[in-house]
Amino acid sequence: MLSGEIRAAESIPINQKKMIKKEFLSVLFIAMFVSFYSTAQETASLTLADIYKNGTYGQKGFGPVRWMQDNTSYSTLEPNSQVDGSDIVRYDAKSGKRTVLVSASQLIPDTEKTPLEISDYQWSADNTKLLVFTNTKKVWRYNTRGDYWVLDLKTDTLQQLGKSLPEATLMFAKFSPDASKVGYVSELNIYVEDLADQKVLPITTDGGDNIINGTFDWVYEEELSCRDGFRWSPDGENIAYWQSDTQGVGTFYMIDNIDSIYSKPLPMPYPKVGTTLSAVKVGVISSKGGDTKWFAIPGDPRNNYLARMDFIPNSNEVMVQQLNRPQNTNKVWVGDTNSMAINNILTETDKAFLDIHDDIRWLDNEKFFTWSSERDGWLHLFKVSRDGQTVEPITKGEFDVVNIDNIDAKGGYVYYIASPDNFTQRYLYRSRIDGKGKAERITPPSNSGQNRYQISSDAKWAIQTFENTVTPPVYSLVSLPSHKEIRILEDNSELKKKYDALGLNPKEFVKVDIGDDVLDAWMIKPKDFDTSKKYPLLFYVYGEPAGATVQDNWGGGSLWDEYMAQQGYVVMSVDNRGTKTPRGNDWRKSIYGQIGILASEDQSKAATEILKTYDFLDSERVGIWGWSGGGQMTLNCMFRYPEIYKTGLAVSFVSDQRLYDATYQERYMGLLKDNAEGYHDGSPINFAQNLEGNLMIIHGTADDNVHYQSFEMLVDRLIKHNKLFSMMSYPMRSHSINERENTSYHLRETMQKFWKGNLPAGGK
């Protein structure tokens, strides 16, 4: 639902270009056409075809970027037109001098005529070897499976890894510390390949069926961001890895009805609320093969998560984070890979739930490590001794640390993203590692909006990405800590010009006082807005703890929202309590145990206050829509507050919280046996009998995240209560409903037709 796909289908226009070729009978006619086209472009309105079909508003990125070992230069990809591939080039940060490190011509296999397509790449520690990921395939959310090749820059030799294994089955390949070998996963087993003789050694052989080695099951990937499931030891002698046993996990079946004359069941182990989880353990095996030794971490492996594991640098010890099933206790273990002894050095608890963070850095010759915690009511970074006995704050104050970007041990600073004064924005700050002094803002006031950074390890240089609601991403090279702009790398000026030419009304950020709290919101008004008229109000909602909608970022230009405003709607979005914003522990944890209950109450209060505040809004024309968790919120608002919301559209929604995966739902709702009432009251299906307005529901039948089952169960319940509604199913489309030809465009046309037919547009 719920992590990372809040607006996947509308935030990035589909890169699908349609070329229209026409023959003209005369030079004069050509000139007339060009003149007409230029004038039309200047006055053209925003169209769904341009957003979702023609790729008119596609944005440019930069990279991927890798800071080189010298910290004075970075590498990136640039097109090589001569051989139709990509070069890997090096830029000196200070001078901007460009050097081709790897030409696309060096990446042409002996048996091919064209270069490898670089989906991703990584350097060996000494920058003498290059690992290229290509021919990728999707595994659930991401393209994590494919082929890997190694280019030795000293000998200029290119070799494919795992040639004896099935094509495009390799995952998570990475160099050993000395770059003499590469480890990778193929078909649920771990392999080590010697680069000198290309000998491939399977170091696990029991993977398959219910046993998963070196990677994870669906729920670990989706909810704990666990994908790469093995680690090289610092000396390269051993590999530590996760093994999952899915036996006993319930199997959910999706049905493919359109790719054959016979239907095909698609099984997937998927633990729903209160059901059996995979049994997961961590073991260590020699990189030369042999038997695996397993850590005996206490607790039922089917009722605890091993959410993180990594080697402590310069040691033979691993640090493992064990999260209990309710996800309110995180035990940190240190395990010796020689003796297999384990020691619990730190235990983090919360009265509601804990989030897993990836902010561990080792300091002072591995005597201390950094640790993110909300123990003082805000998310801050702490310095913890190796034995866990001392815990000292590094960052301090009434603000949240959003993201750790760099810990410069030599310079004595940690660089991080925060926004103490505006929860919709993001800026770079730094604090002293010794905890002294105050937080220092690094991002200048001119970059008002959201900022991200990729910082060199010595914290002297950074690739900055700046954006806000009217500015597509601008990539710049800056020096730190002065934040002096050295050069702009990509400014998306062409996209900015197209966007500005539309003459759209930008988002207005407003505050909504609901009594219990003051909420952030934004509003977009129609282009021809007239204060003397009353307009329909259309809310876009998410409302769950996995994300937030009220952010001063580009978000693809919010072109769907702008399009609907252009049609004659006032479009708004409100972040209720519990959404993922940097407003402290109490804000985020307020939603615990009452997903769908507190948020829909906040949304209804906000809608009531907004309608009282703005005279130009028509209280008889109020609509609401959302995707995933926002689809669930839409249903809860429609069913619980039918006097407010007259029309609703829910996409890819959960109708009954018991149908969703255990890891997400139990984190925020507690265990079913402890909160049965909350699960009932937070599930919109139990209030379907209250539907009064116009409702449309949309779902993809191949949604592996929020299953189509949720859609059909709601349909059945609405029929039971004789409630009329509209529905649309997209066969063999996933949670984002964007696969296969013309899908995104068709979806948006369908949505537009529903709104115009059921929530009349325009001022009256």
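**Note on the predicted model: loops, sheet, helices and annotated domains**

1. Pro481 is placed in the loop between β34 (471-479) and β35 (484-490). Helices (H or I, at least four residues) and strands (E, at least two) are DSSP runs numbered from the N terminus. The peptide bond between Leu480 and Pro481 is cis, with omega about 5 degrees. The model is predicted, with local features needing pLDDT of at least 70 and side-chain atom pairs counting only at pLDDT 80 or more, whereas totals for chains, interfaces and linings use all residues. Residues are numbered from 1 along each chain as its sequence is written, and side-chain values use heavy atoms, with hydrogens and water left out.

2. A cis peptide bond also joins Gly63 and Pro64, where omega is about 10 degrees. Pro64 belongs to the loop between α3 (48-52) and β1 (66-67).

3. Ala168, in the loop between β8 (157-160) and β9 (170-175), has a positive phi of about 55 degrees. Ala168 has 3% relative accessibility and counts as buried (buried is under 20% relative accessible area, exposed over 50%, partly exposed in between, with a 1.4 Å probe and protein chains only). Arg740 has a positive phi of about 70 degrees and lies in the loop between β43 (726-730) and α13; at 39% relative accessibility, Arg740 is partly exposed.

4. The UniProt record (unreviewed entry) places "domain: Dipeptidylpeptidase IV N-terminal" at residues 124-473; such annotations, given in the numbering used here with feature names shortened, may be inferred rather than shown by experiment. In the model, residues 124-473 are 2% helix and 49% strand, and their end C-alpha atoms are 30 Å apart.

5. An open sheet of 4 strands has the order β28-β29-β30-β31, with antiparallel pairing (strands pair if DSSP finds at least two bridges between them). β28 (401-408) and β31 (440-441) are at the edges with a single partner strand each, so one side of each lacks a neighbour in the sheet. β28 is joined to the antiparallel β29 (residues 413-418) by 6 bridges, and Asn403 stands opposite Ile417 in β29.

6. The axes of α6 (residues 559-566) and α13 (residues 743-758) come within 12 Å and cross at roughly 35 degrees. Axes are lines fitted to C-alpha atoms, for helices over the stretch in contact, and angles run from 0 to 180 degrees between N-to-C directions. Trp560, Tyr563 and Met564 of α6 meet Arg748, Met751, Gln752, Trp755 and Lys756 of α13 (contact means heavy atoms within 4.5 Å).

7. Helix α8 (residues 598-613) packs on helix α9 (residues 629-640) at about 65 degrees, with the axes 9 Å apart. Ala599, Ser600 and Gln603 in α8 meet Met633, Asn636, Cys637 and Arg640 in α9.

8. Helix α10 (residues 662-669) is largely enclosed by the rest of the structure, because 8 of its 8 residues are buried. The elements covering α10 include α4 (218-224), β20 (304-311) and α11 (676-681).

9. Thr579 sits in the loop between β39 (570-574) and α7 (585-589) and is buried, at a relative accessible area of 0%. Leaving aside residues up to four places away in sequence, Thr579 touches Gly543, Glu544, Pro545, Gly547, Ala548, Trp587 and Arg588.
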